[in-house]
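Let's take a walk through a protein model together, one stop at a time. Keep the structure in view as you read.

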Amino acid sequence: AKTLGSNHQAVIGGTFTVKAGTSKTLTVAGNMAALNDTRAGQVASLTVTGVTTSATVSGLLPITGAMHTINASLALGTAVGSVSSFDPGTTATKPIGTTGYKFTGVRITAGSAEDVRLKSVRFYQAGSAGSGDLSNVMVYVDGTAYPTTVSTDGKYYSANLGSGIVIAKGLAKDIWIAGDITGSGSAGRTIDFDIQKNTDVYVTGETYGYGIIASGSTITTSTPSLNASAVTVSAGSFTQVQKSTSVAAQNIAINLASQPLGGYEADLTGEAISVQSHVFTVTNSGSTNVGFLLTSVSLYDKNGEVKAGPVDAVSTSATTQTVTFTDTITYPIGKNAYTLKGKVATGVANGVTYSTVLTTMSSITGQTTGNTISSPTVGFAMNTMTVKAATLAITVSATPAAQNIVPGGTSRVFANYQFDATQSGED
């Protein structure tokens with residue numbers, strides 16, 4: 001939208017492309033003054049006098065549109081913009097990988113004069129993010145999705161609503177724009193989908209067919225007409241790293257491989273994250289197993305796949321030893337559990353306990369952005385494991401009880417024996 005100058009001329013329209021073998025129709029429209037009593041009966045027209053392009057222009061210029069007689073008595077409909085419940089309503093920080101985020105929403109209500117038809121909506125992305133940082137950007141009208149066309153500068157996102165959507169007098173439609181944050185370089189950038197001009201919401205009246213300028217507390221005459229809440233894009237992050245309840249406190253055996261030493265969960269958002277170094281501190285009870293170090297220690301994911309190791313522990317004191325992995329482990333988005341397993345040396349006394357702490361995670365990098373990621377809070381203790389020898393307790397069940405039986409019976413149960421390995425360190 002531009003204002004006519006003193007010579008009654010204006011250069012209008014942004015850059016657009018007409019693809020080879022296709023055509024494009026453009027409409028030149030003007031907004032009438034709110035009060036035209038003194039101009040009633042006058043005739044107005046608009047003329048295209050030139051097209052700015054590097055291509056060769058053929059055809060006859062100027063092209064003059066229809067002659068319109070000004071009418072000052074018709075009561076046209078209205079389209080009032082207000083805040084939509086689908087608008088986030090506040091600034092936010094969202095990680096890369098966020099899908100279907102609703103950036104901006106507006107509710108358009110038809111006035112009492114006539115039904116109105118919503119034909120198109122254009123949003124202006126005023127943030128620092130580029131079009132390559134976004135994907136699947138759609139405009140929704142009461143939940144129905146319409147694809148967007150992006151301008152050559154990557155700033156304007158327009159949705160053509162086909163023949164239009166009729167909003168009956170007194171009723172409303174919710175419009176919002178949503179999409180995915182996918183760009184690898186978008187961390188730290190902002191996304192801000194405004195409505196730049198009130199005429200970027202294209203509405204016409206059903207009774208007279210004239211265009212209607214949207215108005216209201218949300219759609220104003222300012223620039224931008226609708227100033228939306230911005231979204232700051234964040235790189236991936238560890239939401240939480242904590243003890244896993246899926247690896248319970250239990251008995252473990254000596255001189256057997258893959259005995260559980262503890263477990264933890266890692267919850268990520270935004271992007272997959274790689275960690276180059278993990279250090280675990282294992283504290284063992286009593287001095288009876290000094291010098292008996294854990295060996296063949298590996299880290300497993302929830303599917304039983306080895307993610308790091310095997311390595312042998314290194315003694316740091318009479319009752320502590322450390323396990324260090326320098327294998328790079330890539331943590332996927334979401335919550336996943338990991339289990340530390342190893343072999344307890346022969347000679348470790350029955351009843352000795354092992355308590356494992358995830359001490360350090362370092363050299364952390366986002367796999368999409370390549371950014372350095374802050375280390376999560378660690379230092380928590382995992383469930384304690386107790387060394388137990390192979391033990392089987394055998395007892396006679398209380399059932400069946402002592403009783404008199406009839407001679408000649410078949411399949412008679414004389415006794416039940418219970419075999420109990422709950423205090424055993426191995427199957």
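A residue counts as buried when its relative accessible area is under 20%, as exposed when that area is over 50%, and as partly exposed in between, using a 1.4 Å probe and protein chains only. By that rule Asn-255 is partly exposed, because its relative accessible area is 45%. This is a predicted model, in which local features need pLDDT of at least 70, side-chain atom pairs count only at pLDDT 80 or more, and totals for chains, interfaces and linings use all residues. Residues are numbered from 1 along each chain as its sequence is written, and side-chain values use heavy atoms, with hydrogens and water left out.

Stay with Asn-255 for a moment. This residue sits in the loop between strand 20 (250–252) and strand 21; strands (E, at least two residues) and helices (H or I, at least four) are DSSP runs, numbered from the N terminus. Phi of Asn-255 is near 60°, a positive value in a residue other than glycine. Ser-411, also not a glycine, has a positive phi of about 55°. You can find Ser-411 in the loop between strand 31 and strand 32, where it counts as exposed because its relative accessibility is 75%. Why look at such values? Most residues other than glycine have a negative phi, and most peptide bonds are trans.

One joins Leu-61 and Pro-62, with omega about 0°, and Pro-62 lies in the loop between strand 2 (47–48) and strand 3 (63–64). Another runs from Thr-223 to Pro-224, with omega near 0°; Pro-224 belongs to the loop between strand 17 (211–212) and strand 18 (231–234).

Now let's turn to the rings. Rings of Phe, Tyr and Trp (its six-membered ring) pair if their centres lie within 6.5 Å; planes under 30 degrees apart count as stacked, over 60 as edge-to-face and the rest as tilted. The structure holds 11 aromatic pairs. One of them is Tyr-264 with Phe-280, a tilted pair at 6.1 Å centre to centre and 45° between the planes. Tyr-264 is in strand 21 (residues 259–269) and Phe-280 in strand 22 (residues 273–284), 16 residues apart. Both of these residues are buried.

Which way does Tyr-264 pair with Tyr-338: stacked or tilted? Their ring centres are 5.6 Å apart and their planes are at 25°, so this pair is stacked. Because Tyr-264 lies in strand 21 and Tyr-338 in strand 28 (residues 334–343), the pair ties together parts that are 74 residues apart in sequence. Tyr-338 is buried, with a relative accessible area of 4%, and Tyr-264 has a value of 1%. Together with Phe-238, Phe-280, Phe-325 and Tyr-331, these two tyrosines form one aromatic cluster.

Rings can also have a charge over them, which here requires NZ of Lys or CZ of Arg to be within 6 Å of the ring centre and within 35 degrees of the ring normal. Arg-122 lies over the face of Tyr-156, 3.9 Å from the ring centre. Likewise, the charged end of Lys-341 sits over the ring of Tyr-300, 4.9 Å from its centre.

Our last stop is Gly-188, in the loop between strand 13 (172–181) and strand 14 (190–191). Gly-188 is exposed, with a relative accessible area of 58%. Gly-188 and Val-231 are 43 residues apart in sequence and 9.8 Å apart in space, C-alpha to C-alpha.
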